Structures are given as structure tokens and as C-alpha cells.
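Here are my notes on the model you sent over. Have it open while you read.

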Amino acid sequence: MKEALFHLQWIDKAIMAIYFLFVLGIGWVLKKYMKDANAFLEAGRSMPAWVAGLAFISTNLGALEVMGMTGSGAKYGMLTTHFYWIGAIPAMVFLAIFMMPFYYGSKARSVPEYLKLRFDEKTRGLNAILFAVMTVLASGISMYALALLMEKVLGWDFNVSLWLSAAIVLAYTYLGGLSSAIYNEVLQFFIIVIGLMPIVFLGLHEVGGWSGLKESLAPIVAEKGFAGDTFTTTWKYTGTAAGNPMGVEWYGILFGLGFVLSFGYWCTNFLIVQRAMAAESTTAARNTPLIGAIPKMLIPFLIIVPGIVALVLMNKTGSGFTIMENGKANYDLTIIKLLEYYLPTGVLGLGITALLASFMSGMAGNVSAFNTVWTYDIYQSYIRPATNDKQADAKHYLKVGRLATVFGVLVSIAAAYLAGLFGNIMDFLQTIFSMINAPLFAVIFLGMFWKRTTGHGAFIGLLGGFFVALLHHGLTVPAGATTLVKGGWISVAHTYPVEMAQNFWTAIFACAAAAIITVVISLGTKQQKTDDELRGLVYSLTPKIQEDHVVWYKRTNTLAIFVLVMMVILSILFW
Amino acid sequence: MLDIRIPIGLLFTVLGVLVTAYGIITNSDTELYTKSFQYNVNLWSGLVMLVFGVVMLLTVKKKKT
């Protein structure tokens, strides 16, 4: 057995055991409600807005995100909050106000199905297959990371960790379907907040609060060649790419992250949108992203601020804090090292449980999105279409959904071993994901707001956008790239200072290309759908939503204004 | 459908009691709390969880009556 980083005591193990007992228990209790495919795959559209809302951001708050963002806190400081404020909130507000009525109101059961209703079969097929493949791969990679972490941190065998965590995820998603996944995401949200809170307090205590943090950072940041307050501000040094560690100018952040990447992710990724589609009413579905937006804006204080504290600790003589591994800084270790540094037995178990929980709920989220797309958009569309017997169908597709869950987990396990063989697969997947998502947003956006958009236009737009993204990636590299996975595999026409800048611009080009191609092809092809068929799918043909019967503070518009004002205030406070 | 506040409330009440109790038992263990600058973080985290769990359970009861 390898030397473990943590030596857990009985109390830590008890906390972990109790948590996972509850996780499985929820699946067990929900099992009796899973009578048909609709209950299993769509949670019967019965979730209250706050439950869906917390699940909505919790799906995104996977362990890889927590580890990555704490690391980014140490690398880029408060600039990382761009991923939480400008890079998330406007997109979530847009989804709530403008897009959710069509996703939810159209009665589509998935994003691919919306594409089928709005455009045609081939557009749906393309999206469904890509989504299904990418989702199980993503879930496999997060399993791999989890097993690796358990090996390193707890000293558990890699294979045992992998199969054990897969078994837990399988058990509760097989039993309770999407409801079970959503409930556990909410549970995970609270355990993460409570588990990481002590680090925030102890960290800020050690460096002397926010002002102490600023003071101790100044010399460290100056040594890196930036102005002393670069790591505690967000927009101040984005006038030039060279002035901030992210290496991106303000317009790159605004358009690349704030517009293309975030709209592509939050508004079209079925994994995320599925949570809002499970809400109990149109109002609840529209409020889901907005309720999620409130904790989303505050998460930086939970995971980025400790990352910045870690940077101070690394440079403090005698602290003994390091993220060095085999002579290289491994920023993904930041959060683990902070847990080790600050937490005594007891709360340590809580912190580790929080991390493990977020890994597993990330996998469960992927698996529950996969089985829906597989069952409705692939199996029901191409293998066994619905019959006249609705009741028998509901039972049949429930069975298929359950089998798809087992299948999804097994493929994920295979993908996890694959990830172990190819170290770069994670980078590779993320790159491909952004290449698929950015064009998808352009196409769905045009489809929702321009009734002239045709199926051919959408299909060719998706492919064209992806192709342009590939081309851009093949022609550019981030500075210091050593592998072709990072780009430049055609030839090197341009070098970006950092990888993030390259990602932003890939997405911007892909989205713009998809939009232009879709418009041009749409104008050149005939609209196959009648206005009647497009009612409820396109903005101009759908009656406007009236909110008069809803109490003012539960109205989507009220919440949206509140969320936007809160974002502006936070941005000004940390300008 | 199962009200989600029941499992959340139960989980955090149980964890709260456990961690609070551990915090009380270890209150004088200065070595254990060196890392956390002698703050008894177990006691505090435990109490937070306990209060949160109980509040969750109380809101469920209110709705039923």
C-alpha cells in the first residue's frame, strides 16, 4: 500500500459512512416512486424551484471544478471570479428569461429533442450522439480522478476505489433516477459549504483578514511581475493581456468567457438544463437558474479565496505548506493541501467527505443525463419507436432507462482506465467540449429568435462551427505548448500568451462561424416547418409569459434584476 | 414524493450531534487543535450542522399541519 497523505481516525470514517448511507438511503426511498420512464428520466417534472436551483449549480460544482478553481485562485487570484460572475450570471439570467420558456414549454424532454422539434431529425441525431459520447467520457474521467485521489490521499487501492465509487453511483441512480441524482446534488451542495467553511475562516484568520491578505500578497505578486493588487482585483488590470496572470484583455473576458463560453455552457448543456427541465412549473423552471445564481456568485469566497490564501502560505517561510510534487507545482493539489494544513480530525472527515461527494454527484449527473438522451433521443428515435400503448411504453422505456444507467456506468469505468493510459485525455475532452458547445449555442439561439432558421441551416452550422474551431485550434498554440493536444497540429499561425486566451478565441470563432453559416444556409433553403409547428419553439410565434398571478418576489423578472444587481455590486467591490 | 428536507435535516442532525460531541470530548486536547489555532472547529462545525439540520426538519413539520 502506498503512503497516504491523511490518516483518518474513527470519527472521520464515521462521518463518511453516515453520509454515504444517506446517499444510498435516498435512492432506496425514491425507488417506489419510479413507476414509469417519465418519473425515472425526468423526475416527473416535480421539483420545487429551490431544489432544482441548488442542483443546477451543484452539478457544475463537481470535485474537478473545486480542485481546479482553488488552484486557479492560487494561480490567478480574484481574476478567477470571472468564471463565477461575468462568466456565468448573464448566461444564467438569459437562460431563465428567454430560453427556459421554450425548453420547458415545448414539452421536449431533452435538449436534443428540442432540436428535433425546432429543426429536424438529423440535427437532433448529431447532437444526441455527440452528447451521449462526451457525457460518458466526462463521467469516466471524473471517476479516474476520484480513484487517483483516493489512492493518493487515503491510501486506498485504485481499482477498489474506482469500482466502489462506481457501485455507489450506480446504486442510487439505478434506484431513484434523476430525482435521486438531484436530491444528492442538493445534499452535496450543503456538505461542500459546511465542509469547506472552516478553511475559509482559518485561512483568513492566519493571514489577518482580507486586508492582511492584500498586504502579504503584494510582494509575492510583484515578484511575478504584476502590480501588487493584481490578485485581489478582477477588472483593474485587464487593460492589457500582459498586465494580468490570465493573459487576457477585458474584451476577451467579456466576449470569450462572458458571452460565447458561458452561454454555450449554461444555456445549451443538457446536463445543466435538465435540472431546470425537472422543475414543477414554468415559473419554477425559469426561476431555477436564478436561484442557482445566488449561491454561484458566493462560491468564489468558499473556493477561490482559500486558493489565494494558499499562495501566501506557499511563500511564507516556516509554514511548511507546499503543492510541489516531483519537483513541479501541482495546483490541483491546493485544496487537498489546505484540508491537511488546517483541519483537525473530525472536520477533516467532513472536508474529505465533501470532496468525495462532489466527485460522485458529478458522475451521477453525467449518468442521469446520458440515460435520458440515450433512451429518448437514440433508442426511442432509431431503435424502438413509441407504440400506441402508452402504458406499456412507459414501462418499457423505464426498463431501457435503467439498463442505460448500468451501461453508462460500465462505459465510464472503461473510460476511466482509458484516461489512465492517456494522460492528456482530460485537456483533449475539454477542448472538444468547447468546440461543440459554442456552435450549439449559436444554432439554438438563432432557432429560438429567428423563425426563418431552417433544419439544414442548423445542421450545417453545427458542423461548420465545429470545423472552424478545429481549424483555429490547429493553427494556434499557447506559449510553451509541448504536445499537439494543445494546438498547432496544422501549422502555427499565431501564438497566444496562455492557454485560456486560446480557448476563448477558439470559442469566439466557432460561435461566429456557426452563426454566419446557419444564417446563410437558412436563407438559401426552404423552411420545412409551418408557423403552427413552430409555436412554442420560436420567440415571435409564442405568446408572452404573463407573471401577474405570481407574488412579486417569486417573479422571474424580479429575481433576474436582483441577481444582476448583486453581480454588479460584487464586481464593483472587487474591481 | 419524498420531501428532500427530511433526508437533509436528518443527515445534518446526526452529523451535527456526532461532531459536536466529538468537539466537547476533545475540547481540552490542545495538540489536536494546533492546526486550527486552538479554535475548537469540531464544536463549531457540529453546532452549525445541528442547527441547520433541526431547522430543516422544523420547516417540514410546519408545512404538514
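1. First, a term: a polar contact is a pair of N or O atoms within 3.5 Å, where within protein one must be able to donate a hydrogen and the other to accept it, and residues adjacent in sequence count only if both atoms are side-chain atoms. Between chain B and chain A, five residue pairs are in polar contact, both residues at pLDDT 80 or more.

2. Keep in mind that this is a predicted model, with local features needing pLDDT of at least 70, side-chain atom pairs counting only at pLDDT 80 or more, and totals for chains, interfaces and linings using all residues. Residues are numbered from 1 along each chain as its sequence is written, chains are lettered from A in the order written, and side-chain values use heavy atoms, leaving out hydrogens and water.

3. How many salt bridges cross the interface of chain B and chain A? The rule (a side-chain nitrogen of Lys or Arg within 4 Å of a carboxyl oxygen of Asp or Glu) finds zero.

4. On contacts (heavy atoms within 4.5 Å), 26 residues of chain B meet 35 residues of chain A.

5. Over in chain A, A:Lys224 sits in the loop between α9 (209-223) and α10 (250-268); helices here are DSSP runs of H or I, at least four residues, numbered from the N terminus. Setting aside residues up to four places away in sequence, A:Lys224 touches A:Phe231 and A:Leu311.

Notes:
Helices (H or I, at least four residues) and strands (E, at least two) are DSSP runs, numbered from the N terminus.
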